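Take a look at the chain below.

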Amino acid sequence: MTAILSIQSHVAFGHVGNRAAVFPLERLGHEVIAVNTVDFSNHTGYGVWTGEVFSPAHVRAILAGVAERGALKQLDAVLSGYLGDVALGEVVLETVATARPAFYACDPVMGDVGRGFFVRPGLPEFIAQRALPLADLVTPNRFELEFLAGTEVRTLADALAATATIRSRGPKLVLVTSLDRKDGASDMIEMLVDTADGAWLVATPLLPFDPMPNGAGDAVCALFLSHFLRTRDAATALARAASGIYAIFEATKEKGQRELALIAAQDEFAATTPRFVAQKVR
């Protein structure tokens, strides 16, 4: 049984941050230590929420208590998502250093296409300059991919050049969690994983949502990490993660709700036979 430390946000209602990552990881058989960076009533996409952002000192104290149990030395992986500010990012990287040789999966949550950056000033640079070189896996969306690579991504060739640039800075795997491109099908959404051994692309139908459910990137990162830790095969992990998030989207659409239907889709996203196949593109 693998042990994973997940440092992310938490909401009482809905599924983002740890609430989007922990259940899939546990359903897929991992032991998870969840450390929350915020405790909100709901995600901020609703426009109103209650709760508080935890200080770096608070998060450091929680992690120190976990360390006293000896748990940080027994981890297989550390997963980080939305960081909030640079000071909290420092706490995360301290923890990664303590937990080595545990695998570090960094979800570089900082912005999205159409929204731009939605994090505090200085955090994108911190992720690019400090977190990225320490990560084994980084999981950007297309907007974050462009920022981290310093280039526009409009085609598959652009995407592969961008992921290669990021890999040259430290990460062994780059998973692009949502890729739309000019040379791709307009009714499909893709995910791309790039490694030193090759790159693979998987496409799933683009389901119409208005608004798009929050937390999908958090769930995808958790699903891919889970399957990669089990198989150590990027193509297999990609196919299973894409099939899993599509099943979650299908269940969410069927229920007509805004929040990801993780519970309803749990048997589907836990299936080991993927509905979609990853194609090698490099």
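Helices (H or I, at least four residues) and strands (E, at least two) are DSSP runs, numbered from the N terminus. This is a predicted model, where local features need pLDDT of at least 70 and side-chain atom pairs count only at pLDDT 80 or more, while totals for chains, interfaces and linings use all residues. Residues are numbered from 1 along each chain as its sequence is written, and side-chain values use heavy atoms, with hydrogens and water left out.

**Backbone**

Start with the loops. Pro101 is found in the loop between α3 (86-99) and β5. A cis peptide bond joins Arg100 to Pro101, with omega about 15 degrees. A cis bond also links Asp210 and Pro211, and here omega is about 0 degrees. Pro211 belongs to the loop between β11 and α7.

Arg232 sits in the loop between α7 and α8. Its phi is near 55 degrees, a positive value in a residue other than glycine. Arg232 is exposed, with a relative accessible area of 51%. The cut-offs are these: buried means under 20% relative accessible area, exposed over 50%, and partly exposed in between (1.4 Å probe, protein chains only).

A UniProt record, an unreviewed entry, annotates residues 74-256 as "domain: Pyridoxamine kinase/Phosphomethylpyrimidine kinase". UniProt positions are given in the numbering used here, feature names are shortened, and annotations may be inferred rather than shown by experiment. Over residues 74-256 the chain is 44% helix and 20% strand. The end C-alpha atoms of this stretch are 41 Å apart.

**Cores**

A nonpolar core is a set of buried Ala, Val, Leu, Ile, Met, Phe, Trp, Tyr and Cys residues joined through side-chain atoms within 4.5 Å. The largest one has 48 residues. Phe103, Met191, Phe224, Leu238 and Ile245 touch the most other members. Several elements give two or more residues to this core, including α1 (18-27), β10 (188-195), α7 (216-231) and α8 (234-255). Which element gives the most? That is α8, with 12 residues.

Phe224 shows the packing well. Contact means heavy atoms within 4.5 Å. Leaving out residues up to four places away in sequence, Phe224 touches Leu137, Leu173, Leu175, Val193, Ala234, Ala237, Leu238 and Ala241. There is also a second, separate core of 46 residues, and Val66, Val91, Ile166 and Leu179 are among them.

Now look at Thr163, in helix α6 (residues 156-167). Is Thr163 buried or exposed? It is buried, with a relative accessible area of 0%. Its contacts, not counting residues up to four places away in sequence, are Leu145, Val174, Val176, Leu192 and Asp194. Thr163 and Val193 are 30 residues apart in sequence, and their C-alpha atoms are 8.4 Å apart in space.

**Rings**

Rings of Phe, Tyr and Trp (its six-membered ring) pair if their centres lie within 6.5 Å; planes under 30 degrees apart count as stacked, over 60 as edge-to-face and the rest as tilted. The structure holds 7 aromatic pairs. Two of them are set out here.

| Pair | Centre distance | Plane angle | Type |
|---|---|---|---|
| Phe13 and Tyr46 | 6.3 Å | 55 degrees | tilted |
| Phe23 and Phe269 | 6.1 Å | 90 degrees | edge-to-face |

Phe23 lies in helix α1 and Phe269 in helix α9 (residues 266-269), so this pair ties together parts that are 246 residues apart in sequence. Phe23 is partly exposed at 24% relative accessibility, whereas Phe269 is buried at 1%. As for the other pair, Phe13 is partly exposed at 48%, and Tyr46 is partly exposed at 32%. Ring pairs also link Phe103, Phe224 and Phe228 into a cluster.

Some rings have a charge over them. This counts if NZ of Lys or CZ of Arg is within 6 Å of the ring centre and within 35 degrees of the ring normal. Arg258 lies over the face of Tyr46, 4.3 Å from the ring centre. The charged end of Lys253 sits over the ring of Phe209, 5.1 Å from its centre.

**Cysteines**

A disulfide is a covalent bond between the sulfur atoms of two cysteines. The test used here is a pair of cysteine sulfur atoms within 2.5 Å. How many disulfides does a search of the whole structure find? It finds 0. Cys106 is buried at 3% relative accessible area, and Cys221 is buried at 1%.
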